[in-house]
Amino acid sequence: MDIYTILSQVLVGLSRTVILFIVSSGLSLILGVLRIPNVAHGSLYMLGAYTAYTISKFFGGQDLGFWVALIGAPLFVALVSFIAERCVFQFLYEREHLMLLLLTFGFSLIFGDLVKMVWGGEYKTVPVPKVFQGYILLFRHLHLPLYNAFLLIIGPLVAFLLWLFVNKTKMGKISRAAAVDREMVGAVGINVSWVFGMTFVAGCFLAGLGGMLVAPTISVTLGMDHSLIMESFLIVIIGGLGNIWGALIGALIFGLTQSIGILIWPKFGIILPYAAVVMVLTFKPKGLLKSTW
Amino acid sequence: MNSVSLLEAKNINTFYGLSHILFDVSLRVEKGEIVGLLGRNGAGKSTTMKSIMGINPPRTGEIFYKGKSITGKRPFVLFRLGIGYVPDDRRVFADLTVEDNLEIVYRRNNEWTKERVYEIFPALKNIRNRRAGNLSGGEQQMLTIGRALMGNPELLLLDEPTEGLAPIIVKALEEQILKLKEAGISILLAEQNLRSALKLVDRVYIIDNGAIKFEGTKKELEENEEIKRKYLLI
C-alpha cells in the first residue's frame, strides 16, 4: 500500500464528507434552532436525489439538466418542506421531543411511500455531467475524479455560505438568538414562527442539495434515506447538537474513518465510524463542540 | 373618565398550569407616568408583567392599550404596538454581540437608534463588540433596556431592573430611567426595593399573594406606615 493509495482514499473520504456535511448541517440547524429531531430529513435527501433524476431525465441527460437540477432539486425539496412546515410543524414546536420524533418518523414513512408511488422501486441513475467526466492527475500518480473535485469545491463553498448566513445576516443572528431563548426573541418584536419556518426550509434545502449532489455518484434507490439519516444523527450528536461546525467535524470523522477503514481492513472497515462515535461519546458525551441545547 | 389610559388591565386572572397566580389584578398606566408595582418576592410582579406582555396570557380579564383590547395578542405583536419588555432575569441573547442584540430587534421607525441607546448608556458603546453573555450584571441590564428601546416603545415594562446590582450602578440606572421618562416613555416598574422605587414613581400599586392590596400616589404610600410595614420590606 503506497502513499498514493492512502491519499486517494482520503480524497474519496473527503468527497463523502462533503455530502455528509451538507445534509448534517441542515439537520443540525433545524435541531439547534427549532429543537426538532427531524427523522424525515433523510427522506428529503432522498427526494432531492429523485428530483435530480427527473430533472436530468427531462433534459435527456444533457449537462444542462445537471445544472438545472443543482438549483431545482433543492428548491423543490425546500418547497415541500415549506408546505409541511406551514401546514403541520408550526403548530407543534412546543410539543415534547418524543412526539416530534414520532411525528417526523411518520413523515419519513409517508415520504418513502410517496417516492415509491411516483418513481417506482427500480434503481435510477443520474449521469455525471460531461464536464465532470474524467480525472485530474495529482502528484503524477493520484487520480482524482473530476466530479469528486467538484464536490470538494462545493463543500467549502456551502460551509462558507452557511457561515455568512448564520453570522452575518440578520436572519441568522435572529435564529441564533431564537435557538437559546425563543420567548425573548418574540418579546423584541420578531415573529418567531416565521423565523422558525425559514430556518426549517433552509435546513431542508440542504438535505435536498445533499441528495442532488450524491445522485450522480450512487444508484438512486428507495432506502437511501435510512442509512443516511442514521449517519447524520450520529454526526450531529458527536459534533454537538445544533452546532454547524460540529457537523463539519463529525462529517470529517465519519467520512475519513469510513474511507480509511475500508482500505486498511476491508471486511470490517465499515464499523470504524461507529467505533469513532463510541470513542467520542465516551470522552465527550455532549459532543466535540458546544451544543446549543 | 373620557380620557383613555395608555395601559389598563381589568380583573386579570393568570395561572401557571393549575395554580392560580393572579387574582383579579387591575391596574392602569397613564401617558408620561412611571407607575410602580411593588411587592415582595413571589408576590406576582413578574407574572403581572408577563401577563401584560402576552408571554403568560391571563385566562380571564382584559387588557387595553390605548383603549384597544390587546388581550391574547402574542408578544411580538405587542412589541410592534410599542410595548417594550425588560424581564427580571435580563435574558440578553448571550451568543450575540452587544451590537447584534440591538440590531436584531424589530424597529417600528428610526426614532431610537443604536447611537441614541449609546447616548443613554455610554458604557455599552465601548463594549459593543463583546459577546453579551460575557457582560457584567449591570451591563446586561443596560443592554436589555437598550434592546427594548430599539423598538421605540411608548410603554416600557421594567421588571426589577435594580435587582442584584451594586448600589453605585443602581444609582446610575435610576438616573437613566428618569431620562427615559423625560424622553416621553411611560413605565410600569416592578420593584421590591421601596427606596429605589420611591425615587422614580408617580403612582404605585402594591401586590401581595397575586392581588392588588393598595393603590395610590407616591405621597399616599409614603404616609401610610401600615401598608408599608405589612406588604413591603423596609
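The structure is a predicted model. In chain A, helix H6 (residues 170-180) is mostly covered, with nine of its 11 residues buried, and H6(A) also gives the most to the side of chain A that touches chain B.

**Helix H6 of chain A**

- The buried residues of H6(A) are Gly172(A), Lys173(A), Ile174(A), Ser175(A), Arg176(A), Ala177(A), Ala178(A), Ala179(A) and Val180(A).
- From chain A, what covers these buried residues includes helix H1 (3-34), helix H5 (146-168), helix H7 (182-186) and helix H8 (192-214), and the cover also includes helix H3 (98-103) of chain B.

**Contact between chains A and B**

- In the contact between the two chains, 16 residues of chain A meet 20 residues of chain B.
- On the side of chain A that touches chain B, H6 and H7 of chain A each supply at least two residues, and H6(A) gives the most, with six residues.
- Sorted by class, that side of chain A has eight nonpolar, three polar and five charged residues.

**Helix H4 of chain A**

- Helix H4 (residues 97-119) of chain A has 23 residues and spans 32 Å from its first C-alpha to its last, which is close to the 33 Å expected at 1.5 Å a residue.
- Thr104(A), Ser108(A) and Val115(A) are the buried residues of H4(A), and what covers them includes helix H2 (41-58) and helix H9 (224-239) of chain A.
- H4(A) is followed by Gly120(A), a residue whose phi is positive, near 75 degrees.

**Two loop residues of chain B with positive phi**

- Most residues other than glycine have a negative phi.
- Asn152(B), although it is not a glycine, has a positive phi of about 50 degrees, and its place is in the loop between helix H6 (137-149) and strand S7 (155-159) of chain B.
- Asn152(B) has 19 other C-beta atoms within 10 Å and is therefore partly exposed, since a residue counts as buried if 20 or more lie within that distance.
- Asn209(B), likewise a residue other than glycine, has a positive phi near 50 degrees, and Asn209(B) lies in the loop between strand S9 (203-208) and strand S10 (211-217) of chain B.
- Asn209(B) counts as partly exposed because it has 14 C-beta neighbours inside 10 Å, whereas a residue is exposed if it has 12 or fewer.

Notes:
Residues are numbered from 1 along each chain as its sequence is written. Chains are lettered from A and ligands numbered from 1 in the order in which they are written. This is a predicted model: local features need pLDDT of at least 70, side-chain atom pairs count only at pLDDT 80 or more; totals for chains, interfaces and linings use all residues. Helices (H or I, at least four residues) and strands (E, at least two) are DSSP runs, numbered from the N terminus. Two residues are in contact if their C-beta atoms, placed from the backbone, lie within 7 Å. The expected span of a helix is 1.5 Å times one less than its number of residues. Ala, Val, Leu, Ile, Met, Phe, Trp, Tyr, Cys and Pro count as nonpolar, Asp, Glu, Lys and Arg as charged, and the others, Gly among them, as polar.
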